[in-house]
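Visitor: I am new to this structure and would like to learn how to read it, one feature at a time. Could you take me through it?

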Amino acid sequence: RVLSCGLKDFCAHGGAEAAGTAGDGDKRVPKIASVVGILGHLASRHAGSIKQELLRMFHESLGSPREHHKATVPFLLQLALMSPALLAAVSPELVDSLKPPVLNQLHQHFSAVPRDELEGVVGVVVHLLCHTSAGALRTLRFLLATAAP
């Protein structure tokens, strides 16, 4: 419920655009700091459930044309920017799930995004990759295998 409410608020405040700007996102989306705080508190007892729900949201959003699903990936990126603990918890499983069909869905998901907004999202992803230590070797292997199979 916390993630769902956070996503709705993120969409209501133009969050998809805010996620492309690493510094301004938390100012434009008022409840996201509360979402991060609540998830951080819940993580001590429900880390597996939170990780499972984050991954479910990611995969469910890729195949959906619904408007709030289009903002899910930027919302999750913003959560990861604001919470290194959430990033560390979910990044190894996320990398494992990025098989060719999922990568194709991601490509389709972002094919209609304006170039400047897409560059912002890519910038956030690169920033997150540079600041994660959990599963860093696995992520590097994935990037190399994907870039030059």
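This is a predicted model: local features need pLDDT of at least 70, side-chain atom pairs count only at pLDDT 80 or more; totals for chains, interfaces and linings use all residues.

Visitor: How many helices and strands does the protein chain have?

Guide: Helices (H or I, at least four residues) and strands (E, at least two) are DSSP runs, numbered from the N terminus. By that rule the protein chain has 10 helices and zero strands.

Visitor: Which residues of helix α1 are buried?

Guide: An α-helix has 3.6 residues a turn, so residues three or four places apart point the same way. In α1 (residues 2-12), the buried residues (under 20% relative accessible area, with exposed over 50% and partly exposed in between, using a 1.4 Å probe and protein chains only) are Leu 3, Gly 6, Leu 7, Asp 9 and Phe 10. Because they cover an arc of only 165° around the axis (taken from the directions from the helix axis to the C-beta atoms), they lie on the same side of α1. The face turned away from that buried side carries the exposed residues Cys 5, Lys 8 and Ala 12.

Visitor: At what angle do helices α4 and α7 pack?

Guide: Two packed helices are described by the angle between their axes and the distance between the axes. Helix α4 (residues 32-62) and helix α7 (residues 84-97) pack at about 30°, with their axes 10 Å apart (axes are lines fitted to C-alpha atoms, for helices over the stretch in contact, and angles run from 0 to 180 degrees between N-to-C directions). That makes α4 roughly parallel to α7, a term for angles under 35 degrees, with over 145 being roughly antiparallel, 65 to 115 roughly perpendicular and the rest oblique. Contact means heavy atoms within 4.5 Å, and among the residues making it are Leu 54 and Phe 58 of α4 and Val 90 and Leu 94 of α7.

Visitor: Is Val 102 buried or exposed?

Guide: Val 102 lies in helix α8 (residues 100-110), and it counts as buried because its relative accessibility is 11%. Leaving aside residues up to four places away in sequence, Val 102 touches Phe 58, His 59, Leu 62 and Ser 97. The C-alpha atoms of Val 102 and His 59 are separated by 7.9 Å, although the two residues are 43 residues apart along the chain.

Terms used:
Residues are numbered from 1 along each chain as its sequence is written. Side-chain values use heavy atoms; hydrogens and water are left out.
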